[in-house]
Amino acid sequence: MRYENPILRGFHPDPSICRVEKDYYLVTSSFEYFPGLPVYHSTDLVNWRQIGNCIERDHLLPYETAAAGQGMWAPTIRYHDGMFFVTATFQGYGNFIVHSENPAAGWSEPVSVNMSGIDPSLLFDGGKAYYCTNQRGEDDREAISLAEIDPMTGDVLSPARVIWHGMSEDRPQYLEAPHVYSIGGWYYLLAAEGGTRFNHMITAARSRSVWGPYTSCDRLILTNRYAKNTGIAGSGHGDLVEDQQGNWWLVHLATRPDEAWYSLLGRETFLLPVTWENEWPVIGDGASHLVCEGPLWARQKPIEAWRADFSLRQPQWLFLRKPRWENYDFQGNQLLLTPSADHLSDPLGRPTFLALPQMDMDCTVEAEISFDPMYDGSEAGLTIYIADYGYYTFCKRRENGSSTLAVDRSGGTFQPICVPAKDGAVHLRISAAKKGYCLSYAFNNEAFRTLTLVPPLTADDAGKGFTGTLMGLYAQCRNSGEEKAKVISFSQILTANR
Ligand code: 6LW
């Protein structure tokens with residue numbers, strides 16, 4: 001059956017997947033956003049629903065230290081004997097594991113693992129659990145290292161041993177994302193090499209023993225570095241899963257690049273069918289594609305519009321770092337936001353901010369907000385945000401004693417746009433397209449008027465490109481007071497759906 005990639009659109013990097021009977025679970029990285037490590041569920045591999053997040057409590061990890069592109073990196077999800085385990089790296093804190101009997105119902109507190117390197121993974125085999133990361137050996141060459149572990153306590157039970165130096169052994173570059181599997185009498189080691197941009201690739205090795213020696217596969221498993229006309233770049237960092245029919249699949253990250261660069265949507269999650277030849281995994285022509293054929297048992301459905309339900313904090317909302325919960329009041333039919341003295345531009349700020357990944361080049365975000373700012377510099381509205389140094393704001397703001405509708409951009413070189421605003425509620429709409437964003441507004445029941453068109457954010461705004469563009473709500477001020485912005489509705493709709 002035919003399906004389209006990506007299966008998770010917008011900012012969804014470093015996917016990892018596991019299956020329990022007919023249920024599939026997938027996790028991705030979340031960086032400086034909270035809650036951490038979103039968990040998705042599917043029964044067919046192509047229609048996914050977010051059921052929660054592994055890190056729901058913000059006292060557990062040092063979110064307040066997470067600069068743009070830092071924080072939570074590259075999780076792995078595995079299931080063993082009635083228990084789900086997720087391990088990941090929190091930059092500056094190290095590796096940790098959480099566990100849960102029911103991923104939708106919450107996760108344990110993290111136990112830290114005393115093994116360095118990033119992109120940790122787990123293997124359950126023969127009554128033992130193994131942990132691997134890209135920890136280097138004593139000679140400081142890039143490597144994948146393996147140790148035995150107690151996954152409940154995080155205790156490392158054996159010395160860590162180097163098991164592989166990558167396919168390009170003499171000059172590995174960015175050897176990362178290791179996953180070890182026990183399949184049909186072999187231990188397979190899948191890893192990423194080449195760095196997460198245009199040279200990214202998946203390589204493999206295998207051994208009869210979990211400790212090695214591992215023999216490299218003599219070809220690349222996946223890369224789009226040579227496949228220039230696919231509309232995809234940076235394919236790599238993947239994880240294998242066997243479906244309930246005995247077919248194999250790979251989830252991996254890649255981007256849909258724009259003309260100029262890598263992709264401001266960020267790294268997305270793709271799915272590819274896998275076959276086996278000579279006991280090695282094979283992926284079609286070795287590249288990822290936007291339209292694929294695979295042995296699926298259900299059709300891929302169009303993506304539904306996402307609408308905020310202010311009676312609860314939906315798991316899709318992303319906050320920045322360690323949210324100040326007192327600034328968010330989910331009231332059922334509306335959300336009250338207290339403007340923060342922290343601004344979006346503060347590198348380690350904890351501003352009032354909640355957003356979702358921009359899912360596609362073509363989409364529309366709309367909110368109805370009622371805000372009559374009391375102090376100069378107070379503002380509330382929508383933001384297109386990729387980092388503290390890369391964002392737009394489109395808001396109602398008080399300036400020199402009067403209310404305005406204002407558009408501004410990080411960095412200080414943008415000529416802000418400002419028009420007088422009426423009191424009471426305003427509809428703010430951002431219509432995204434490849435060439436940029438159209439910002440329009442409507443007071444009361446009037447028709448929408450275009451305020452301006454702004455170009456997309458740029459590669460400089462995206463830093464290393466680890467994260468992707470988010471679109472959402474924010475409220476900030478110069479001096480905290482008693483004012484509140486009332487959000488009456490918020491939605492994101494894909495305008496060109498599959
Ligand atoms: C992640 C690494 C990578 O840890 O990017 O593309 C890093 N791969 O495996 C951050 O997502």
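In what order do the four strands of the open sheet come? They run 11-12-13-14, with antiparallel pairing. Keep in mind that this is a predicted model. Below are some spots to look up, starting with that sheet.

**The open sheet**
- Strand 11 (121-125) and strand 14 (161-164) sit at the edges, and each has a single partner strand, so one side of each is left without a neighbour in the sheet.
- On average, neighbouring strands here are turned by 35 degrees against each other, direction ignored.
- Look inside the sheet and you'll find strand 12 (residues 128-133) joined to strand 13 (residues 144-148) by four bridges, the two running antiparallel.
- Y131 has A147 of strand 13 standing opposite.
- As for what holds such pairs together, strands of a sheet pair through backbone hydrogen bonds, either parallel or antiparallel.

**Around T338**
- You'll spot T338 in the loop between strand 28 (335-337) and strand 29 (352-357).
- T338 counts as buried because its relative accessible area is 12%, under the 20% cut-off.
- Its side chain makes a polar contact with the side chain of K484, at 3.0 Å.
- Beyond its neighbours within four places in sequence, T338 is in contact with E326, N327, T352, A475, E483 and K484.

**Around F330**
- F330 belongs to strand 27 (residues 328-330).
- Setting aside residues up to four places away in sequence, F330 touches F310, L312, R313, W317, F319, L335 and L354.
- From F330 to Y441 it's 111 residues in sequence and 24 Å in space, C-alpha to C-alpha.

Conventions: Residues are numbered from 1 along each chain as its sequence is written. This is a predicted model: local features need pLDDT of at least 70, side-chain atom pairs count only at pLDDT 80 or more; totals for chains, interfaces and linings use all residues. Side-chain values use heavy atoms; hydrogens and water are left out. Buried means under 20% relative accessible area, exposed over 50%, partly exposed in between (1.4 Å probe, protein chains only). A polar contact is a pair of N or O atoms within 3.5 Å; within protein, one must be able to donate a hydrogen and the other to accept it, and residues adjacent in sequence count only if both atoms are side-chain atoms. Contact means heavy atoms within 4.5 Å. Two strands pair if DSSP finds at least two bridges between them. Axes are lines fitted to C-alpha atoms, for helices over the stretch in contact, and angles run from 0 to 180 degrees between N-to-C directions.
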